[in-house]
Amino acid sequence: MLGYLYPLRTYLVVAGTVEKPNPMTADWVVPLSFNPPLLGVAIGKTRHTRKLIEEQKDFVIAVPTVELLRDVWVAGTVSGAKENKAEKMSATFIPSEKVSAPSIKECQANLECRVVREVEVGDHIFFVGEIVNVSHGDAFENGKPNTKDYKFLMHAFTGANFTCQSDEVFKP
């Protein structure tokens, strides 16, 4: 039934450390509050990323563009509990400024979050994170995305089905 919500923006949730990063692909990321700046991400209870976030109490939401599609696919299909995903990816993991989870240099934005709440929701844990720092690339000017020159990823539905937005903006 949740398929009717797609397409959804696709992000990378990064946990772990710069020495041993663990990125995970996630569509279920949602803004929650302007003040304080909060966002939420739902992560399956069986995921290695969930365990890391529960232990370190922080994570990064990295915003990829279509150029990172292969890395996004690896992050979503390889288990970090069994393999080192970073070795299979071309992404560069760099230290974040305010959290222990690393950021991704090639992503157009990295939102550093500290966990302020965990809520069990069915087969997922919903992590509420306070955004404590943001770094961004050229795709964002004054906090607004440049949808003309950059193609932000959207998951069209489960599996290897991705799309990008158009630079066309509709107004009522």
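Colleague: Is N142 buried or exposed, and where is this residue found?

Modeller: In this predicted model, N142 has a relative accessibility of 77%, and because exposed means over 50%, this residue counts as exposed. N142 is found in the loop between β11 and β12.

Colleague: What is the phi of N142, and how should I read such a value?

Modeller: The general idea is that most residues other than glycine have a negative phi. In this structure, phi of N142 is near 55 degrees, which is a positive value in a residue other than glycine. K57 is also not a glycine, and has a positive phi of about 65 degrees. The place of K57 is the loop between α1, residues 48–56, and β6, residues 58–63, and with a relative accessibility of 40% K57 counts as partly exposed.

Colleague: Which peptide bonds are cis, and where do their prolines lie?

Modeller: As a general rule, most peptide bonds are trans. Here the bond from Y6 to P7 is cis, with omega near 5 degrees, and P7 sits in the segment before β1, which covers residues 8–9. Another cis peptide bond joins N35 and P36, where omega is about 0 degrees; P36 lies in the loop between β4, residues 29–33, and β5, residues 38–44.

Colleague: How many aromatic pairs are found in the whole structure, and how is each one described?

Modeller: A pair of aromatic rings is described by the distance of the centres and the angle of the planes. A search of the whole structure finds two aromatic pairs. In one of them, W73 and F162 are 6.4 Å apart from centre to centre, with 85 degrees between the planes, and this arrangement is edge-to-face. W73 belongs to helix α2, residues 69–77, while F162 belongs to strand β14, residues 161–164, so the pair ties together parts that are 89 residues apart in sequence. W73 is partly exposed at 36% relative accessibility, and F162 is partly exposed at 22%.

Colleague: What are the distance and the angle for the rings of F140 and F152, and which parts does this pair tie together?

Modeller: The ring centres of F140 and F152 lie 5.5 Å apart and their planes stand at 55 degrees, so this pair is tilted. F140 lies in strand β11, residues 140–141, and F152 in the loop between β12, residues 144–145, and β13, residues 153–157, so the parts tied together are 12 residues apart in sequence. Because buried means under 20% relative accessible area, F140 counts as buried at 16%, and F152 counts as buried at 2%.

Definitions and conventions:
Residues are numbered from 1 along each chain as its sequence is written. This is a predicted model: local features need pLDDT of at least 70, side-chain atom pairs count only at pLDDT 80 or more; totals for chains, interfaces and linings use all residues. Side-chain values use heavy atoms; hydrogens and water are left out. Rings of Phe, Tyr and Trp (its six-membered ring) pair if their centres lie within 6.5 Å; planes under 30 degrees apart count as stacked, over 60 as edge-to-face and the rest as tilted. Helices (H or I, at least four residues) and strands (E, at least two) are DSSP runs, numbered from the N terminus. Buried means under 20% relative accessible area, exposed over 50%, partly exposed in between (1.4 Å probe, protein chains only).
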